[in-house]
Amino acid sequence: RAAASFAAAATAYGLLRDVDAGDVVIHLGAEGAVGQCVAQICGARGAKALGLVSGDVLDPGDAVDVLKNLGAVAAAPARFARDPACRALVADLREAAPSDTATLLVDCERIDVAAVNEVLRAAARGAGAGRAAMASADARDVRDAKLLRTCAALCGAEATVHAHGAAPEQLLVGGARAFHLDQFLDGASGEMAAVVAAVAKADATVFSEAHSDATLPHALHGLDGTVAKHAYRQPVWLADAP
């Protein structure tokens with residue numbers, strides 16, 4: 001658990017390495033361990049994090065409350081991104097930020113990246129092709145494609161987009177850059193000590209979802225038995241500053 005939480009915290013640190021006080025960060029799929037660490041790091045730096053919770057988590061309202069308590073200036077179910085109130089909120093945050101653009105983080109664990117990309121490719125070919133693709137695609141993939149385009153638009157044309165989690169190198173939205181923790185750490189030999197120190201000394205909490213015998217098999221990822229998504233209910237790791 002501690003190793004998994006360290007990986008989540010180090011991933012959040014890497015995703016936010018260029019984010020400073022006042023900067024705006026929108027995280028789609030923010031209910032996971034990485035998202036919880038992002039909220040805490042943004043809060044500590046004075047950056048403005050908006051956490052958007054995936055629509056298929058067990059209790060999105062609970063996740064929203066946790067993200068707010070951890071340091072996000074705002075959190076909501078992902079569908080809020082399409083609400084005019086969200087556009088107004090992000091516009092206000094960006095207006096007060098040092099830069100008018102924002103950073104978009106996308107957790108790909110709950111997204112069928114290949115299927116969503118098919119919808120995005122079709123939409124890029126024109127309205128007719130987009131409608132045809134949406135009519136034949138799974139409703140969840142259409143929802144996710146629309147959310148991605150909406151969030152990218154909220155962040156501005158010059159936004160930085162980082163995708164992490166499953167198959168992030170394939171995501172076709174806003175010039176998304178894939179983030180892999182191992183590659184980040186391999187290329188950060190000069191700042192490795194800083195990464196380790198920042199994560200080890202952080203007063204950070206990660207919560208994990210409680211599962212029953214019925215739901216646990218669906219939460220397992222691969223053959224190593226690791227839980228694919230961390231979420232909000234039980235605290236599993238707390239690194240106190242020495």
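His 27 has Gly 51 of β2 as its bridge partner, and β1 (24-28) and β2 (48-53) pair in the parallel sense over five bridges, where pairing requires that DSSP finds at least two bridges between the strands. The model is a predicted one, in which local features need pLDDT of at least 70 and side-chain atom pairs count only at pLDDT 80 or more, while totals for chains, interfaces and linings use all residues. Residues are numbered from 1 along each chain as its sequence is written, and side-chain values use heavy atoms, leaving out hydrogens and water.

Helices (H or I, at least four residues) and strands (E, at least two) are DSSP runs, numbered from the N terminus. Together with helix α2 (residues 33-45), β1 and β2 make a right-handed β-α-β unit; right-handed means that, with the strands pointing away from the viewer, the path from the first strand over the helix to the second runs clockwise.

Gly 51 also has a bridge partner in β3, namely Ala 75, and Val 53 stands opposite Pro 77 of β3. From β2 the chain crosses through helix α3 (residues 60-70) to β3, again in a right-handed β-α-β crossover. Five of the six residues of β2 are buried, that is, under 20% relative accessible area, with exposed meaning over 50% and partly exposed in between (1.4 Å probe, protein chains only).

In helix α4 (residues 84-96), Cys 86, Val 90, Leu 93 and Arg 94 are buried. These residues lie on the same side of α4 because they cover an arc of only 95° around the axis, taken from the directions from the helix axis to the C-beta atoms. On the other side, Pro 84, Asp 92, Glu 95 and Ala 96 are exposed.

Note on methods: Expected span 1.5 Å × (residues − 1). Contact = heavy atoms within 4.5 Å.
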